[in-house]
Amino acid sequence: MFTYFIRIHEHWKQDVMALALLTDDNPDFHPNQYHYQYRDTALVYRFATLKLLEKSEAELEIAGNPFSIGMLAARKALIKQNLSDDKQLVWKMDLVRSLQNTNYEQYKTRNLLHFIRCYVRFDKRANFSTFDKQIQETLK
């Protein structure tokens, strides 16, 4: 993160706010700084964090924000072990339907669909085909 921060700052010559999106399932893991030290040189890089599991679905649902759809998919992926394939299919289709009601540019919709499709894997191979068919029918 520090390397990206420096490169973005140097390239664009703008102030940068860094945010680490923590998508793990460990409630005790919450890093918010990078520390470097070599001999008499020391650097502490602090950054903001957002722990995905600390946010409710309602907090992540932001109308008109494509990032919101990605975060909802990522949050569902974290709790996947508690969901059957059939329930995963339902929530994935809910996200697809929410995309249908947006005015996003086609490439954004396509990228979000790809993310939703691939981020959380179904256990049953047949559900991939079912999901793809339902996407085609929904987004005609």
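How many nonpolar, polar and charged residues does the lining of the second largest pocket have? In this predicted model, the lining of that pocket comprises 3 nonpolar, 4 polar and 3 charged residues. The volume of the second largest pocket is about 190 Å³. Its lining is formed by Gln106, Thr109, Arg110, Leu113, His114, Arg117, Asp132, Ile135, Gln136 and Leu139. Helices α5 and α6 (125-138) each contribute at least two residues to this lining, and α5 gives the most, with 6 residues.

Helix α5 also takes part in a helix pair. Helix α4 (residues 85-100) packs with helix α5 (residues 106-119) at an angle of about 175°, and their axes lie 10 Å apart. Because angles over 145 degrees count as roughly antiparallel, α4 is described as roughly antiparallel to α5. On the α4 side, the contact is made by Lys92, Leu95, Val96 and Leu99, while α5 provides Thr109, Leu112, Leu113, Ile116 and Arg117. Sorted by class, the residues of this contact are 6 nonpolar, 1 polar and 2 charged. Among the α5 residues in the contact are Thr109, Leu113 and Arg117; these residues also line the second largest pocket.

The largest pocket has a volume of about 260 Å³. A total of 16 residues line the largest pocket, and those nearest its centre are Glu61, Leu72, Asp94, Leu95 and Ser98. Helices α3 (66-78) and α4 each supply at least two residues of the lining of the largest pocket. By class, this lining has 7 nonpolar, 5 polar and 4 charged residues. Leu95, listed among the residues nearest the centre of the largest pocket, is also one of the α4 residues in the contact with α5.

How values were computed
Residues numbered from 1 in each chain as written. Predicted model: local features only at pLDDT ≥ 70, side-chain atom pairs only at ≥ 80, totals over all residues. Heavy atoms only, no water. Axes fitted to C-alpha atoms, helices over the stretch in contact; angles between N-to-C directions. Helix = DSSP H or I, 4+ residues; strand = E, 2+ residues; numbered from the N terminus. Parallel < 35°, antiparallel > 145°, perpendicular 65-115°, else oblique. Contact = heavy atoms within 4.5 Å. Nonpolar A, V, L, I, M, F, W, Y, C, P; charged D, E, K, R; others polar. 1 Å grid on protein atoms, 1.4 Å probe; cavity = no way out; pocket = protein on both sides within 12 Å on 5 of 7 lines; lining within 4 Å. Points joined across faces, edges and corners; volume = space filled by probe spheres on them.
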